[in-house]
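Student: I am new to this one and would like to go through it slowly. Could we look at the structure together?
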Amino acid sequence: MTTSEFPVLRCPLCKGNDFQQELGRLDSRWGFTSHRMTLLICKNCRYILHFYDKNSIFDFD
Ligand SMILES: [Zn+2]
């Protein structure tokens, strides 16, 4: 699978680059405002990567 969406992303466990993308939300358990998160789940080993600001990860402008 070649994708330009996640050009450098590799699973730290199995080095795979095939991810299932899920959107999640981190609720304000500690008094912070809620954050939207992006979860990328490795389709090979199910390792879950968390990203709290999608734009800062995937936009390189
Ligand atoms: Zn993996």
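Tutor: The protein chain has three strands and one helix. This is a predicted model.

Student: In what pattern do they follow one another along the sequence?

Tutor: Along the sequence, the protein chain reads β-β-β-α.

Student: How much of the protein chain is made up of buried residues?

Tutor: Of the 61 residues in the protein chain, 5% are buried. To be buried, a residue needs 20 or more other C-beta atoms within 10 Å of its own.

Student: Why does Lys15 count as exposed?

Tutor: Lys15 has 10 C-beta neighbours inside 10 Å. The cut-off for exposed is 12 or fewer, so Lys15 counts as exposed. Lys15 lies in the segment before strand E1 (19-26).

Student: What is the phi of Lys15?

Tutor: The phi of Lys15 is about 65°, a positive value, although Lys15 is not a glycine. Arg46 also has a positive phi, near 70°, and is a residue other than glycine.

Student: Where does Arg46 lie, and what makes Arg46 exposed?

Tutor: Arg46 lies in the loop between strand E2 (35-42) and strand E3 (48-51). Inside 10 Å, Arg46 has 11 C-beta neighbours. Exposed means 12 or fewer, so Arg46 counts as exposed.

Student: Why is Met37 called partly exposed?

Tutor: Met37 has 15 other C-beta atoms within 10 Å. A residue is exposed at 12 or fewer and buried at 20 or more. The value for Met37 falls in between, so Met37 is partly exposed. The place of Met37 is in strand E2.

Student: How far apart are the C-alpha atoms of Met37 and Phe51?

Tutor: They are separated by 5.5 Å, and the two residues are 14 residues apart along the chain. For another pair, Lys15 and Cys42, the separation is 27 residues in sequence and 9.4 Å in space, C-alpha to C-alpha.

Student: What share of the contacts between residues at least 6 apart in sequence join residues at least 24 apart?

Tutor: In the protein chain that share is 30%.

Key
Residues are numbered from 1 along each chain as its sequence is written. This is a predicted model: local features need pLDDT of at least 70, side-chain atom pairs count only at pLDDT 80 or more; totals for chains, interfaces and linings use all residues. Helices (H or I, at least four residues) and strands (E, at least two) are DSSP runs, numbered from the N terminus. Two residues are in contact if their C-beta atoms, placed from the backbone, lie within 7 Å.
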